[in-house]
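Welcome, and please keep your viewer open beside this text. We will go from one selection to the next.

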Amino acid sequence: MSIYNETGLSLCARGFSRAVFILTFCLAWPLAVAAQSDSARALFADNKAGILQIRIIDLTSGSKSAIGSGFVVSDSGLIATNYHVVQMAAEKPDQYRIEYLSAEGELNHLKLVDVDVINDLALVKADSEMTPELPLAVAEPPIGMPVYALGNPLDLGLTVVPGTYNGVNQTSYHPRVHFTGSLNPGMSGGPTLNQAGEVVGVNVSTAGNQISFLVPVAALQQLITEYRVRGHEVDDIRQRIAQQLLADQDKKFTRLLALDWPTLALGEAVVANELKPFIKCWGGSNSASTKAQFLSADRTCRSEDNIYLNAKFNSGVIEHQFFWLQADQLNTVQFYAYYERLFSDFAPGNKGTEKDLGDYQCDNQFVRAESDLQSNRGRTTKVVFCARAYKEYPELYDIVFLQGTVDDSQAAFVSHFTLAGVSQKNAKAYARKFMGVSKWQ
Amino acid sequence: MAVIVEVLGWGGRSQGHFRVDGPSVTIGRGYQNDVVLDDPYISANHLRLDATENGWQLTDLQSRNGVQVLKNSKTENSSSTVILEDGAEIKVGRRRLRILTDGHPVEPAKELHRLEQDLGRLNRLSIWLPLFLISLALDIGSLYASSFVEWQWKNHIFTILGSQAVVLMVALFWSLLGRFLRHERQFLSQYSLILSVGLIYTLLEWLIGVLSYNLSSSGVAMIMLPLLAMLLATLLLSANFALATNMLPRQRWISALGFVMLVIVVSISARMSEWGEFSPYPDYFADLQVPILQFSTAESTDDFIDSLDAVFAAADRKALD
């Protein structure tokens, strides 16, 4: 239940509608007038040769089916962009080809050489040398500094968007720079430069209304270093992604599980609180409703980490949800009728299709929620545990977990989590930790 | 030799007969005839039958609408004389008549089955009324039990009336069928039968629900409920047939089972397209029962976590499909 939906910025040619065009044009016009500063002009003039339009060409139709932006990071012809820009070509190299179009109108083939799926980065390489190389900033700029995003919004040609650097977002595990400025579809993979012309981030997504996000330049630096150390392109992109996903979840869950989870009261129960920088929480209740026959208070937490795997498949998200219910004016049978309806209505936190995922497989058991590990007493709960396996990336699963007390006729406590892209070992450890923290004694 | 003139109704069933002794029979609307038929399309003196060696010779007495021979006649070559044999059928006006000798064989008497006798005893208000009240109370009670917003009669009255109306319609259907086929309505018997099977199903469904909840298995209910529904539907249909038709027990059972099978085949093939379809949502057993209906013991958290390996193994197998 995120407050905003991040939108990828690659532009699909087929989705280029007139309505979007007019809307964006009207909104962008006054901004462009207001921001005509000398530094923007200079940056544009100095760097336009190093910033390219990246095109994904459908080999069957021979025309572009998606576009994004990219920039030269090494004069040997190495170009950085977003993974989501080149994803189709990475998945089906037989069906798609990657090309660049320079500001001078030069058109050439590109080869995918490495990816960082966690940070949505990709490195592509041209056959010939490319200039100028855009320098990567060594130090993070201070918050409030004006910075300039460059790219090809909506296939309109190279565009400069001025904005403000707002530091690394503290509420997501995978660091993202908060850029206050309008990123638009097609600018994905383009650079954001400081006034000195150094790259401070890679354009990646927007939440609308000038809230946009960049991949910090450190992640790009890391990927370039890995590529240089290896000295050649990655042979098997799918395997590279699988390793990155597996390593990332291992690192993330090791850190998460080692934490002492803070708790909070919800009704008579105790639930896990916000875990910075992993998950953010919101809460609500029906107490404002005069017609409510029962009491329901809930707390919902969600991570802002979304790993883009393809247009219909993402991973990495964690959700927690807790409900405290009291029968109030309902009798036990009515209360359980409502409770059953609530209990049957839980769904995963990430999306996916049959191409990438197996069906969920579930088990349910009555489990004693021990008040502590030594005790043999505790509340009787019904626990549902569902897992679905990733088809392309072995050892990774999506999890839906649900636990509800079934031994009190006037009140109930439900706790729920979903995980995406987690190993069997980490999922089991997470379930144990979660059940130990969130309980009603 | 006496002549039997049988008046036939819907489906060729006898509506009554005339017996005439003597060598000839006259049929018409006029009261001077041996067989008087009240039908405006029949002439006052319509036809005459004269006994011959081979049967009855038919003579049309210049009637307005004539006589149509439907069955069992022969025409003598020499003339246009029509001879009717035993069992012949003719149409006079809008009436169908069957002409028989008094020695015409009849079917052996059917055995009156105990089931029919017993079911017939249900045809009493003292049986129907309690059943009706119980099922009405159950209907209202289950709506009330599953309602978690403020109870208002106006929101539920149509649901309640609707389900009662369906039962009433079904009972009426069988009763009308019985009126046609057996000249016996048995309305309250049919109504009581449907109500009691409904009550039994509701009770067993609830028991199966409690059982599968305690076994933590949706499979129990998924197998047992359709089986139960099949069994009860076959029993009910067979009893409906017994009261409303003249079918023999064997025919009855086969028809009831055949109908239920047909319904099952249709519903299975309707769902066939959904089988094996990928769903992005987990399909888990979400049933809950009130605490006093929870008997099974809970396992420890450790045992539960250890048991999860099987879920991952199943998920792996599913992804390979």
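In which hand, left or right, does H2(B) pass H3(B)? The crossing is right-handed, meaning that the near helix is turned clockwise from the far one by less than a right angle. Before you select them: this is a predicted model, in which local features need pLDDT of at least 70, side-chain atom pairs count only at pLDDT 80 or more, and totals for chains, interfaces and linings use all residues. Residues are numbered from 1 along each chain as its sequence is written, with chains lettered from A and ligands numbered from 1 in the order in which they are written.

**Stop one: a helix pair.** Select residues 125–145 (H2) and 153–182 (H3) of chain B; their axes (lines fitted to C-alpha atoms over the stretch in contact) lie 11 Å apart at about 145 degrees, on a scale from 0 to 180 degrees between N-to-C directions. Helices here are DSSP runs of H or I with at least four residues, and strands are E runs of at least two, numbered from the N terminus. Among the residues that meet (C-beta atoms, placed from the backbone, within 7 Å) are Leu136(B) in H2(B) and Ile160(B) in H3(B).

**Stop two: a sheet.** Now show the open sheet of 8 strands, with order E17(A)-E18(A)-E21(A)-E25(A)-E24(A)-E23(A)-E22(A)-E10(B) and mixed pairing; pairing takes at least two DSSP bridges. E17(A) and E10(B) each have a single partner strand, so one side of each is left without a neighbour in the sheet. Inside, 8 bridges join the antiparallel E24(A) and E25(A), and Tyr397(A) stands opposite Val422(A).

**Last stop: confidence.** Colour chain A by pLDDT, the predictor's confidence in each residue from 0 to 100: the average is 87. Over residues 1–8 of chain A, pLDDT is below 50.

How values were computed
Two residues are in contact if their C-beta atoms, placed from the backbone, lie within 7 Å.
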